[in-house]
Amino acid sequence: MKRSKKQALAILLTLGMLAMTAAGCSQKTGPSSSGSAPAGDSSSQAQELTGNITIYTSESQDLVTDMLEDFVSRNPGVTYNLYRSGSGDVISKLSTELQAGGTEADIIWFADMGYMYQLDEQGLIQHYTPAAAANIDPRFNYNDGMAFEVRQIFNIIAVNTLKNTVEIKDWDDLCDPQLAGKFAMADPSYSGGAFTTLVTLTQEGGPGWELYEGMRDNDVKFEQSNGNLQTKLSSGEYHAVSVVDFMIRNAQAEGAPVEVIWPESGAVMVPTPIAMLSTVKEENQAACRAFMDYLLSEDCQKLFVEQGYIPVLDGVGVPEGAPNVADIKVCELDVDYFVNESSQVREKYEQIFAQK
């Protein structure tokens, strides 16, 4: 059908207007060349990461807070709530809330592998694997995305270099009579790291229950937390302690007269897995997943190094004074034993120290 020149011109004008409209839409929904959206653009604002993250943890509050502040500075649309106590208290709070019908927690991060596996069996853990997990040792990915190790913590022996006169090379040396009443450790009933150490050292192939019986007979002292141990070791109240390695490195950096001793039979690598609960609200899902991604990012791993931790990501360095991971002899923890025998281990520990 032949069209007049006026008809053809009208069609061309219409097509041109449609093309301009389409081009304008693509500019609004797509990213700008700088990677940031134009100010006041409602479409880009809708894409901003938002949500609230509630974390229950037993990790050092000041260090966790610094890390969270770094995350929200990169994601200003995200807010967070933090509950921090010893692993025992965190687990008690979480269990009570779950039994009552729900919990506000989105992310859990503490040193009790057995309890985390129990939650997973009940369908309360959301399996999620950050892309960066491909760059870390597979042994730090627990149960196919159930939880992840994001930095490495070791339970070691530490001494006050001005007070201690005992030659300490291994765990058994903590039973030396010269250390009677001058050696301390965290209470396994409160501290997840201390309980993990208890399970590891009393499992087959370790020093066994004789070590703990010997420490009991040598008037071992108990503190609720590793922070208390570090403080009282630095002051000289204790001559030696069993404590996590990063706290002693940080104390050394501040000038305290303390020294790390890596036990000849092996230090205890304390799993402190972090996981996301399956009860996370829909509006907080994206923020929680972004947070899990962030933990294994190069930037966060470098921050962990600055905080004194040994990272799980290769190539970002280690803290000053820390050995290469390959050079650390470790008492291997049997995870199945931990999961299946935790109750029996706890009962026997309480029997041995019933009089303290």
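With which residue does K232 form a salt bridge, and how far apart are the closest N and O atoms? In this predicted model, whose residues are numbered from 1 along each chain as its sequence is written, local features need pLDDT of at least 70 and side-chain atom pairs count only at pLDDT 80 or more, while totals for chains, interfaces and linings use all residues. Side-chain values use heavy atoms, with hydrogens and water left out.

K232 forms a salt bridge with E223, the closest N and O atoms being 2.9 Å apart, where a salt bridge is a side-chain nitrogen of Lys or Arg within 4 Å of a carboxyl oxygen of Asp or Glu. E223 is buried, with a relative accessible area of 8%, whereas K232 is partly exposed at 25%; buried denotes under 20% relative accessible area, exposed over 50%, and partly exposed the range in between, with a 1.4 Å probe and protein chains only. A salt bridge also joins K221 to D219, with 3.2 Å between the closest N and O atoms, and here K221 has a relative accessible area of 29% and is partly exposed, as is D219 with 32%. Across the whole structure, 11 salt bridges are found.

The chain contains 12 helices and 16 strands, these being DSSP runs numbered from the N terminus (helices H or I, at least four residues; strands E, at least two). Of its 356 residues, 50% count as buried. Among contacts (heavy atoms within 4.5 Å) between residues at least 6 apart in sequence, 73% join residues at least 24 apart.

Two packed helices are described by the angle between their axes and the distance between the axes. The axes of helix α3 (residues 61–74) and helix α10 (residues 282–295) come within 11 Å and cross at roughly 115°; axes are lines fitted to C-alpha atoms, for helices over the stretch in contact, and angles run from 0 to 180 degrees between N-to-C directions. From α3, the residues M67, L68, D70, F71 and R74 meet A287, A290, F291, Y294 and L295 of α10. By class, this contact of α3 with α10 comprises 8 nonpolar, no polar and 2 charged residues, with Ala, Val, Leu, Ile, Met, Phe, Trp, Tyr, Cys and Pro counted as nonpolar, Asp, Glu, Lys and Arg as charged, and the others, Gly among them, as polar.

Within α3, the side chains of R74 and D70 meet in a salt bridge of 3.0 Å, N to O, and because R74 and D70 are 4 residues apart in this helix, they are separated by about one helical turn. R74 is partly exposed, with a relative accessible area of 43%, and a network of salt bridges links D70, R74 and D299.

L82, in strand β2 (residues 78–84), is partly exposed, with a relative accessible area of 26%. Leaving aside neighbours within four places in sequence, L82 is in contact with I55, T57, Q61, V64, T65 and L68. The C-alpha atoms of L82 and I55 are separated by 5.0 Å, although these residues are 27 residues apart along the chain.

D106 is found in the loop between α4 (87–99) and β3 (107–109). D106 is buried yet has no salt bridge, and the nearest side chain of opposite charge, K281, is 7.3 Å away; Lys and Arg count as positive and Asp and Glu as negative, while His and the chain ends are not counted. Residues up to four places away in sequence not being counted, D106 touches N52, I53, T54, A275, M276, L277, V280, K281, N284 and C288.
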